[in-house]
2 protein chains.
Amino acid sequence: MSLPHSVRLVEVGPRDGLQNEKQPISVADKVRLTDDLTAAGLSYVEVGSFVSPKWVPQMAGSAEVFAGIQRKPGVTYAALAPNMRGLEAALEARVEEVAVFAAASEAFSQKNINCSIAESLERFVPLMEAAKAANVRVRGYVSCVLGCPYDGEVDAAQVASVARELYAMGCYEVSLGDTIGTGTAGQTRHLINVVGREVPRHLLAGHFHDTYGQALANVYASLLEGIAVFDSSVAGLGGCPYAKGATGNVATEDVLYLLQGLGIETGVDMDKLIDAGARICEVLGKANGSRVARARLANR
Amino acid sequence: MSLPHSVRLVEVGPRDGLQNEKQPISVADKVRLTDDLTAAGLSYVEVGSFVSPKWVPQMAGSAEVFAGIQRKPGVTYAALAPNMRGLEAALEARVEEVAVFAAASEAFSQKNINCSIAESLERFVPLMEAAKAANVRVRGYVSCVLGCPYDGEVDAAQVASVARELYAMGCYEVSLGDTIGTGTAGQTRHLINVVGREVPRHLLAGHFHDTYGQALANVYASLLEGIAVFDSSVAGLGGCPYAKGATGNVATEDVLYLLQGLGIETGVDMDKLIDAGARICEVLGKANGSRVARARLANR
């Protein structure tokens, strides 16, 4: 067993966390959240999404959010930009890095973005070229890597094939998303072994949801397989609208606690992170989804 | 990595789960819970506790509960019996196995049971002899194995020493309890390695609390170290009154989900287990603490 010495946490709270919130959230609150997170030491924040406001109304103000944040040196401020129009808007907003996503399951691809996996990948070709020309890195997400709400089991070979396509196309990193949170530790390790034959392991990230309480066990299983990048969401904000009962993204605080216990460096300050999560939960009037935050706040 | 082929789940819901509930719970509801759990396939249930009702009023009816349950062949019905008077009452109630507990931290021992660790162990000597004479097995618990609410860090060597004493005294199995849930996966593996030098690993059990969300990662870490017995509580009932913000025992449903994903046998039926948890939560008017149960119930 040899664990990584350091881990990069990709904070997805402001985007993946907030995108399904029904209530309006002001640009100021979104800016504050991002600034709080970088003040806590997070070096990568997915700030927003450049998609049609018809699809995701909550992300309509992403350009304003990018205009409002305090850009700290050494921090990557990223956004989801699934098509050319999105990329153009992202470039205008001085986004430093964009993310695209594809599903590992045909049914999810059809229901979520109305096209086949192959079609979704094809659409990224011009985007990848334009991003390269603009010197903007592209991160790839693969969703439903350990299960699909429509198809059930998803073959690891199918995930590997989609990950390989994204990598071949120019994505510098591929994040493997257990969108519905059904995966367990053994499946996670198997998946990494299979995908790792197509994409170098140090270019893979883990993105786990805690719907079935398995996220931290899956993070630990991934660490044992050499994965050193994890997506997480402060206060466990978010969740998948396609999975009922979903308790959402794994909480950044809980991942950080595990990593600290393992002596793995992240550069993140727990107290400031908990403050950032407590503040946005207050704004949203929501219970904090991080167990570490709940325990620490109760003891303060 | 070689995982155990099968795991024994020690269900502590009726005892550890209910003992801190403030509201009255009828004997009939306690009986029903135990019967539901064994109907789900659990082969070991800690049904109650024979302690002074002054200490733990919720456990006052344990003898009546033992009189009311349907005893299934092959199932062990156990009770906590921390002293001679408790053991006598347990024997009268036809308890098949009793449990005793000691703390790994001096401060916790003093505050929780008003004596030193050494004194608490000494008091077990006559109890162990009487239990042996009555042909009743004794299980030992060590609490605070990965942290103490008063002392903070707890040395693994200290845990090993207490575990060795309990084993030497005649406990056939020693359960290592992370009472306040602060332990992480690396500490868990270290602890098992250290304690495993004093007590054979196949006689050790893991007892994790999910206060910091780490319980399932710790179960997985323990499995990797060859541990094949885990204590858990249906619907995540319970928690430690000494740890504020405690979200309590790891939920049996969530542990079972992990084990099923790893292909490890338990003999437990998930649907019936979820039903048992849902029913007692309804009786208590409490939210279900199992993420698996919440996700599955939302999708039913």
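Predicted model: local features only at pLDDT ≥ 70, side-chain atom pairs only at ≥ 80, totals over all residues.

Trainee: Great, helices first. At what angle do H9 and H10 of chain A pack?

Mentor: Helix H9 (residues 215-224) of chain A and helix H10 (residues 252-261) of chain A pack at about 45 degrees, and their axes are 10 Å apart.

Trainee: Okay, chain B now. How far apart are the axes of H7 and H8 there?

Mentor: The axes of helix H7 (residues 156-169) and helix H8 (residues 185-195) of chain B are 9 Å apart, with a packing angle of about 45 degrees. H7(B) and H8(B) are therefore oblique to each other, and their crossing is right-handed.

Trainee: Which residues meet?

Mentor: From H7(B) you have B:Ala156, B:Ala157, B:Val159, B:Ala160 and B:Ala163, and they meet B:His190, B:Leu191, B:Val194 and B:Val195 of H8(B). That contact splits into eight nonpolar residues, one polar and no charged.

Trainee: Switching topic: in the largest nonpolar core, which residues touch the most other members?

Mentor: That would be A:Val142 and B:Val142, in a core of 195 residues. As background, nonpolar side chains in soluble globular proteins tend to be buried together.

Trainee: What is A:Val142 in contact with, leaving aside its neighbours in sequence?

Mentor: Beyond four places in sequence, the contacts of A:Val142 include A:Ala102, A:Ala103 and A:Ala104, and also A:Val159, A:Val162, A:Ala163 and A:Leu166. Also among them are A:Val174, A:Ser175, A:Leu176 and A:Gly177.

Trainee: Now A:Asp36. Is it buried or exposed?

Mentor: A:Asp36 has a relative accessible area of 17%, and the cut-off for buried is under 20%, so A:Asp36 is buried. You'll find A:Asp36 in helix H2 (residues 27-39) of chain A.

Trainee: What does A:Asp36 touch?

Mentor: Not counting residues up to four places away in sequence, A:Asp36 touches A:Ala276 and A:Arg279. A:Asp36 and A:Ile274 are 238 residues apart in sequence, yet 10.0 Å apart in space, C-alpha to C-alpha.

Trainee: And how far apart in space are A:Ala298 and A:Ser62?

Mentor: Those two are 34 Å apart in space, C-alpha to C-alpha, and 236 residues apart in sequence. A:Ala298 is in helix H12 (residues 291-299) of chain A, and its relative accessibility of 29% makes A:Ala298 partly exposed.

Trainee: Last topic, backbone angles. What is the phi of A:Asn135?

Mentor: A:Asn135 has a positive phi of about 65 degrees, although it is not a glycine. For comparison, most residues other than glycine have a negative phi. A:Asn135 is in the loop between helix H6 (117-133) and strand E5 (137-143) of chain A, and with a relative accessible area of 70% A:Asn135 is exposed.

Trainee: What about B:Cys144, buried or exposed?

Mentor: B:Cys144 is buried, at a relative accessible area of 0%. B:Cys144 is not a glycine either and has a positive phi of about 60 degrees. Look for B:Cys144 in the loop between strand E5 (137-143) and H7 of chain B.

How values were computed. Residues numbered from 1 in each chain as written. Chains lettered and ligands numbered in written order. Heavy atoms only, no water. Axes fitted to C-alpha atoms, helices over the stretch in contact; angles between N-to-C directions. Helix = DSSP H or I, 4+ residues; strand = E, 2+ residues; numbered from the N terminus. Core = buried A, V, L, I, M, F, W, Y, C linked by side-chain atoms within 4.5 Å. Buried < 20%, exposed > 50% of the residue type's maximum accessible area, 1.4 Å probe, protein only. Contact = heavy atoms within 4.5 Å. Parallel < 35°, antiparallel > 145°, perpendicular 65-115°, else oblique. Left-handed = near helix turned anticlockwise from the far one by under 90°. Nonpolar A, V, L, I, M, F, W, Y, C, P; charged D, E, K, R; others polar.
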